[in-house]
Amino acid sequence: MANLNGTTSDLRTTFLGVYSVLKSELLNDPAFEWTDDSRRWVDRMLDYNVPGGKLNRGLSVIDSYKLLKEGKELTEDEVFLASALGWCIEWLQAYFLVLDDIMDNSHIRRGQLCWFRVPKVGMIAANDSVLLRNHIPRILKKHFREKAYYVDLLDLFNEVEFQTASGQMIDLITTLEGEKDLSKYSLSLHRRIVQYKTAYYSFYLPVACALLMAGENLDNHIDVKNILIDMGIYFQVQDDYLDSFGEPEKVGKIGTDIEDFKCSWLVVKALERCSEEQKKILFAHYGKADAADVAKVKALYHELDLQGVFAEYESKSYEKLTSCIEAHPSKAVQSVLKSFLGKIYKRQK
């Protein structure tokens, strides 16, 4: 196994090596009698959906665990286990995305056709997502069953999955067809959706996995959870901002929040700042698929100087997060949180 004290690309190579091991274990899981066809299907389904993203969430488990060990070199076993937990988060992400794309009727994900749009897959994708969800406890059972923190890990994944699905529910019922009402949108609704739909699994979960591996009790780290949730909300506000103001070639996707009637931070801020006349423009054009409607909303965003509003929000959030992190008694935990914040501050994609 590659040395983990080298470069990021070494870390990524090592991490992908662990994916191959986990995949081959799952394709030989003794609880099921495999046929060539079923094995081929799951093999292809996993390769298509699990390792394709940036892998930030999974790699963060290893980064965080390393920082918690305060510079001690990790053993091969520790590297493997931290990677396996990282992959469990990537599996969870894949499970959510496969379903998310079906619900949103999306076309492209990570630069390729959404899984359910691949010829001969269709709605089999719904069952594939159930399989992805079920692979997580299989991986945990195989590699963590003897660990003192095994039950805590199962609890953590169950809890975060519930929170994420509940966040998705608030998001979906807010944008129900025929009930589109901009006046329902507020900063507190935006915060609730983001906290549950994104922040728990993307920010808290990787650090919580590393803390459990390091022998910590999560009940003693509520403050860490709160800082990571705030960081996740800040990350989503950046995402909302980049959706309208980012350069697609940098961001890697074309934003559709305006067309999709999303409860975006930008539209909430626009509602707070606009005159009655401007409000009429927003109500008339937000949530329409036509390019001319989208252009009118974007022009209004410029008029209201949402770029300036965002720049101020960004610097205030950064200051607040930094002071909360520096107030934490443990230098090792501080370094984990600072490393997370460093990765996202002023990002362009």
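This is a predicted model: local features need pLDDT of at least 70, side-chain atom pairs count only at pLDDT 80 or more; totals for chains, interfaces and linings use all residues.
Residues are numbered from 1 along each chain as its sequence is written, and side-chain values use heavy atoms, without hydrogens or water. Local features need pLDDT of at least 70 and side-chain atom pairs pLDDT 80 or more, while totals for chains, interfaces and linings use all residues.

One cavity of 30 Å³ or more was found. A cavity is a set of points, on a 1 Å grid over the protein atoms alone, where a 1.4 Å probe fits but cannot get out. The largest cavity holds about 90 Å³; volume is the space filled by probe spheres set on the points, which are joined across faces, edges and corners. Its lining (residues with an atom within 4 Å of a point) includes Tyr48, Asp101, Arg109 and Trp115. Helix 4 (76-104) gives the largest share, four residues. Helix 2 and strand 2 (112-113) each supply at least two. Helices (H or I, at least four residues) and strands (E, at least two) are DSSP runs, numbered from the N terminus.

The second largest pocket has a volume of about 380 Å³. Of its 17 lining residues, Arg191, Ile233, Tyr313, Ser317 and Lys320 are the closest to the centre. Helices 7 (187-213), 8 (222-245), 10 (265-273) and 13 (306-326) each give two or more residues to this lining. Helix 13 gives the most, eight. A pocket is an open set of grid points with protein on both sides within 12 Å along at least five of seven lines.

The whole structure has 18 salt bridges (a side-chain nitrogen of Lys or Arg within 4 Å of a carboxyl oxygen of Asp or Glu). In one, Asp43 meets Lys23 at 2.7 Å, N to O. This pair links distant parts of the chain, 20 residues apart: Asp43 lies in helix 2 (residues 36-49) and Lys23 in helix 1 (residues 8-26).
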